[in-house]
Structures are given as structure tokens and as C-alpha cells.
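Dear colleague,

Please find below the structure that I am handing over to you.

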Amino acid sequence: MAVNQWSDLEAYISRSHMNSLHEEAFMETYHALTSFIHKGYQMNMDESEREESYLSWVVNSAPGTGKSTALNVLCKSLLKKNASNQHEKYPLLLVFNNNDTMKNNVYKDVSEFAKQHEIPDAIAYVNSDEIHKMIDTMRKYQILCIPQQRLRDLMLDDEHINNYLLYYPQRAKNTKDDARQKEVHKWKRLVIIDEMPIYYDSCVWDIGSKDNSFDWFEHLADRIHLSNREFKEARDILSELINLELKDNVTSHSTLRLNRFIEGSERERFFNTILAKLADAKGELEDMRRYTWFMKMYSKDHIGCIERTNKQAIICSEWLDYSRLHTHMLTLDGTAHISQSIYERSGFELIPMTNVHRYAERLNIRWKNINTSTTLSYRELKEVKEAIAGDFLEIQSKLQEKRPNFKMIALPKQDDIAFYHAEGVITDEQLKQFFTIKQKPDDDMRKHLFNVVGNNDFSSFNAMALFGVPIRPPRHYREIAVAMYGVDIDISLNENRNKGNWFTDERIQKLCIEDVLANLSQIIHRTSLRNVNLPEEVDIVMYSKRTEWLTLVQQEFRLPDERVHMHQLHNELRFKKACSKKMIEMVKLMVGKKNIKLTAKEIGGKALYQWFRDNWKGNRKQFILSELKNHNILLYERTSKVGRQYWLFMLVDQDAFTDHVVSEHYRKLS
């Protein structure tokens with residue numbers, strides 16, 4: 001049964017599922033998918049167009065508008081249609097962001113549908129564990145699912161590419177014209193990709209890091225059984241060539257052929273022999289990939305781009321041209337309008353969709369201005385994280401009092417998960433459900449600031465805190481830029497990067513901005529904001545000093561100023577440091593007058609008195625009380641005859657704070 005109108009969906013998804021969708025947004029996305037299928041099919045059937053051109057579309061449906069459900073329904077409707085018409089097939093290759101999404105979303109639902117309707121050879125998935133089992137049978141399935149990493153690997157090793165792209169259904173029985181049947185039943189799959197695919201293949205070589213440890217060489221050498229002497233000598237030459245290129249090539253942006261350093265020598269002849277043997281090692285794809293890159297650098301000029309920073313490196317990177325698949329392709333990406341540089345370079349046509357989200361009515365951005373840079377010292381970074389943890393718990397407590405259904409999740413960087421769990425920001429249940437590595441490599445969906453795209457695990461949360469901005473190291477953007485623009489591009493950084501303009505070349509800076517903004521949009525849409533039909537407000541708390549990203553986020557979501565709130569959290573952090581220092585000074589001034597009540601002016605003059613008056617309010621008052629107690633200073637709050645507030649302080653021994661009266665006194669003050 002074809003899906004021509006909203007009511008037709010009941011044949012494929014539940015009524016409750018339909019109620020969660022926005023009718024207009026869903027049907028627009030679904031019609032884009034069916035248009036792609038029918039147009040691609042017709043072009044394949046038309047002999048004049050078959051080898052001329054292929055569709056390359058990117059459908060810009062906003063996150064939460066039903067892209068995965070539309071793909072789900074499309075697969076079911078095609079299977080049902082094809083089951084009744086053996087001469088009209090629509091075979092698909094579906095590519096997913098990760099194995100978890102692939103197995104637990106479309107595949108699971110569509111395979112159950114196929115079983116219920118007794119449709120054989122309907123759908124299969126291939127991950128790293130299944131490749132060898134499936135290689136001879138995958139062609140018979142009408143719908144084949146793979147992760148994006150496998151698609152990238154196919155672009156690098158096209159020996160098996162037709163196993164994935166060609167569809168051979170089981171031949172009908174009792175067919176007289178067997179040759180004709182073979183011709184009719186050979187089909188090229190149309191490709192649909194969920195989220196932006198991997199568009200470049202890169203390899204980095206530097207001095208003294210794991211990138212320069214040459215594990216790939218060791219793995220391949222082990223396969224061809226080199227002697228200890230051969231292994232050591234060849235490995236020394238390999239390391240020497242990389243190091244010499246980084247040290248000696250000081251004038252060029254790009255590498256020159258590495259064999260020039262040993263050209264004409266006995267060492268070159270020995271090394272060439274070893275390299276030829278490695279070519280026959282038939283190692284793992286990752287090892288052979290690095291071998292291929294080295295061989296290019298070894299024999300050709302201008303293969304790698306030299307990164308001249310404190311830690312020099314050679315960046316090898318090439319663009320993956322998916323048009324080499326020679327089939328029609330469609331990508332579903334709700335942030336495609338942001339990632340323009342990538343899709344323009346790839347030759348994809350942007351198919352705009354209506355964005356039905358009501359951001360101005362539902363979304364609040366709470367910006368916490370604080371420096372989260374990894375360039376801070378260990379002590380400074382710890383203080384920042386403690387300030388963030390305290391602020392998060394305070395926001396959570398206050399909003400839970402105002403909104404009974406308030407539910408908040410934190411999204412830290414991967415290395416900070418344990419810290420925030422210890423601080424109580426991440427609960428034990430959340431740690432187990434979202435932030436713990438699972439046992440199987442294919443199921444490693446540990447969430448963090450750089451790993452939530454395409455995942456809906458946080459859709460029940462109506463608030464999320466981002467402990468930083470998802471900006472990747474500069475080398476990440478350099479690798480993309482080298483692939484897009486070649487090895488002669490200037491990949492240097494600006495000397496003054498305070499305003500967020502990292503890169504000298506504006507094209508790399510544009511790539512960086514698009515990447516970060518697209519990731520921010522994806523993260524924000526992971527919350528209950530993605531549920532278009534819900535009326536509830538959603539709060540996004542962001543911790544960073546880079547306010548230029550706040551401006552871009554406000555523009556992207558078209559938020560009025562009243563939906564954006566700025567809080568100078570770094571000022572509070574500075575106050576806490578100053579307060580702790582003030583307490584130490586007070587103790588030094590009072591040490592000879594222990595157990596004597598003193599006014600602020602008697603201890604530190606008018607300046608200390610004024611400091612207390614200025615800061616005796618809100619969160620600062622609470623922190624002052626805590627610090628007084630930590631430094632064994634009792635505080636007595638008094639009111640003068642004329643109604644003016646003042647304080648008396650008394651330095652006491654530590655055990656005085658165990659007294660019930662004192663403890664009760666502090667509770668009343670707080």
C-alpha cells in the first residue's frame with residue numbers, strides 16, 4: 001500500500017507514533033524520499049540517462065521532524081509493493097551514523113514488518129563482525145544497512161564495492177529464458193545516508209606521538225615474517241625519513257618525495273625490497289591505508305601538507321568523491337543548510353524543508369560566561385569544573401521547584417565524565433545508561449560533548465547543560481581543509497585569536513564555524529525540543545567564555561533577546577578566590593586576639609567593613625558563611641540602635657563548631 005496521505009500511515013506505524021509526528025513536516029520529508037526513489041528508478045530504466053548523471057540530494061529536514069520514521073515507512077511500503085511486483089524492484093543501501101542506530105531503529109522495525117508479512121530476503125545489516133559472514137549473501141537482500149565507517153572503507157577499497165551496490169534477487173522458478181532472467185534481476189541500489197557521511201580520508205605523521213609509532217608497519221611486517229635485523233633497519237629508515245622531512249623541509253607548505261634522502265644508496269635498495277613485500281601482506285584495512293599513504297609520500301612530491309606548529313606534523317588528506325559509486329544518493333541532514341562548504345564541495349543539491357519548530361516560544365539559552373579552555377593549569381581547570389558543577393546543581397534545584405516536570409542532563413567532555421559523576425552532576429543511573437562504555441566495540445555509544453549526533457537518548461530531557469563548546473582541535477579542521485583545497489593551503493593560526501578567528505585562511509575558518517554551529521544545533525535538538533508537538537519550554541545551559549557562539553546560536557534559532565540570558569560565572573569564580581584570600585588575611589590579623597569579638601573595622605579597617613557590606617547578599621553571602629566556618633571564625637550578626645546592620649567576628653578553636661548552638665546559629669544565618 002502506497003503512502004499518499006496522512007491516514008495511509010496507519011498501515012505501517014502505530015496511532016500513538018503518528019500522534020507524536022508533525023503531519024506537514026513528516027509528509028514533506030516522506031515525499032522528498034519517494035520523489036528521490038521514483039526519479040532515481042526512472043533514470044536507471046532510461047538507457048540514455050543511466051550513465052550520464054546521478055542524483056545527489058541532501059534533504060534538510062530539521063531534527064525531530066520524522067526523518068527516521070519516514071525512512072522506516074518508505075522501506076516497509078517498498079517491500080510490500082515489491083512483494084507483489086517481481087519486475088519492479090527498489091533495492092536500497094542504507095547508511096547510518098553508527099551501529100547502534102542502524103540495528104535498533106530502522107533495521108529492527110523493518111525486519112519485524114517483513115516477518116509479519118512473510119517477505120523473504122527483505123533486509124540485512126552488515127557491521128565489522130558480520131562482513132565475512134555476509135559477503136557472499138548480501139546481494140540477495142532488497143535493503144542492505146551499513147554504518148558510515150563501512151561506506152568510507154568501501155571508497156578506499158573498491159574490490160568489494162559491488163557486493164554492496166548490486167542487488168540480485170532469487171530467480172523465479174520454472175523460468176525458460178534463464179539468460180533474460182539474469183539480466184532483468186540485476187539492480188543497482190539507491191543509497192540513502194542518515195546524517196552527513198565521512199567525506200575525507202586522512203593520515204597524520206608527527207614526531208614522538210602514537211601517529212609516528214608505526215604500528216601499521218609492525219603489523220604488516222609481522223605478516224611477512226621479517227627477521228629482527230630487517231625489521232629494525234627498515235623501521236629505523238621509516239622513522240628517519242619522516243623526521244628528516246619535518247626538520248629539513250622548511251620552505252615548502254607540502255612534502256617532497258621522501259626517497260630523496262636515501263636515493264641511490266644501498267639503504268634505498270634494501271628499503272624498496274621491504275616495501276614491496278609489505279604490499280603483499282594483505283593486512284587490515286587501517287594498516288594498508290597508512291601503508292598506501294606512506295608509499296605516496298615516499299615516491300611523489302606534494303602529497304602531505306606540513307603543519308608548522310610547536311608540534312610539527314605532516315597531514316595527508318584526500319576528499320572522498322562519492323560520485324565514484326555511480327549510483328543515486330540522498331543524505332538526510334537537518335543541519336545541511338549550515339554545512340554549506342561540505343555539501344557544495346561534494347556536489348550535493350540542497351533540498352530545503354519547512355522548519356516547523358517554535359523556537360521563539362519554547363527555547364531558552366542560559367549562557368554561563370566562564371573560561372573552560374584546556375590551556376588552563378590543572379588547578380585552575382579544577383576550580384572551573386567545581387564552579388560549573390555547583391552552578392549546574394543550583395540551576396537544577398531552582399528549576400525543579402518551579403517546574404514539576406523539569407528534567408536536566410549534563411553533557412561534559414569525555415575526559416570529564418568521572419569528575420562530574422563524583423560531584424553529583426551525573427547520577428549513578430545516568431552514568432550507567434549514557435556515559436559508560438559498553439562491552440562490544442560496535443555498541444560503544446558512550447555519550448559526551450562530541451558524540452550525540454543522530455542519537456535520541458536524551459529526548460525525554462527538557463534541559464541540557466553543555467560543559468563547553470564542541471570545538472575540535474585545530475588539526476581536525478586542517479585535515480578537512482587539506483582534503484578540500486589541497487596541500488598548498490595556508491593552515492596556520494592567527495596570532496590574535498581572542499575574537500574566535502582561529503585560522504589565517506578564511507575558508508578554514510568558515511569550515512570551523514559551520515562544523516561547530518552544526519554540532520551545537522544537533523546537540524540542542526537531542527532534547528525534548530525535537531518533539532515538535534510538545535508545548536513545554538526547553539532550557540539549554542552553555543558554559544564558555546566564547547560569546548561569539550552565543551550570537552551565532554541566537555541567530556540560527558532566531559531567538560528574541562528575552563530568550564537569552566547571560567550570567568558572568570567567571571566573576572563568581574574570581575569572587576570565591578578573593579573571598580578565600582580575605583579569610584586568610586582575617587585569620588592572620590585575629591590570631592593574637594582569639595576568642596574575642598571584633599568588628600570588621602577593628603580587624604581590617606573600613607575597607608574590610610565595606611567589603612562585607614558589598615558582598616553580603618545572595619550566593620556570595622552563602623559562600624562567605626561557608627568560608628568563615630572553614631577558617632574557624634564565628635560570626636554574630638547585630639543591628640545598631642539606629643537600625644544599621646553590623647557584624648562581630650571571633651576566631652575560635654576548631655572544636656567550637658561542633659557546639660549545637662553555633663551550628664544552629666549558622667543555619668539561621670544561611
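The notes below describe the cores, then the aromatic pairs, then the charges placed over rings. Please bear in mind that this is a predicted model.

The largest nonpolar core holds 105 residues, and L363, I365, F467, I540 and Y543 are the members that touch the most others. Helix α19 (residues 506-524) supplies the largest share of this core, with 9 residues. Another core lies apart from it and has 49 residues, including I37, I119, Y167 and I192. In soluble globular proteins, nonpolar side chains tend to be buried together.

Across the whole structure, 40 aromatic pairs were found. One of them joins F434 and F458 in an edge-to-face arrangement, with 4.9 Å between the centres and 65° between the planes. This pair connects distant parts of the chain: F434 belongs to helix α17 (residues 428-434), while F458 lies in the loop between α17 and β15 (463-466), 24 residues away. F434 is buried at a relative accessible area of 3%, and F458 is buried at 2%.

The pair of W502 and F503 is tilted, because its planes stand at 55°; the ring centres are 6.1 Å apart. W502 has a relative accessible area of 17%, and therefore counts as buried under the 20% limit. F503 is likewise buried, at 3%.

Ring pairs also join W205, F214, W216, F217, F231, F271, Y291, F294 and Y298 into a cluster.

Finally, two charged side chains deserve mention. K385 lies over the face of F419, 4.7 Å from the ring centre. The charged end of R507 is placed over the ring of Y485, at 4.5 Å from its centre.

With kind regards

Key. Residues numbered from 1 in each chain as written. Predicted model: local features only at pLDDT ≥ 70, side-chain atom pairs only at ≥ 80, totals over all residues. Heavy atoms only, no water. Core = buried A, V, L, I, M, F, W, Y, C linked by side-chain atoms within 4.5 Å. Buried < 20%, exposed > 50% of the residue type's maximum accessible area, 1.4 Å probe, protein only. Helix = DSSP H or I, 4+ residues; strand = E, 2+ residues; numbered from the N terminus. Phe/Tyr/Trp six-rings, centres within 6.5 Å; stacked < 30°, edge-to-face > 60°. Lys NZ or Arg CZ within 6 Å of the ring centre and 35° of its normal.
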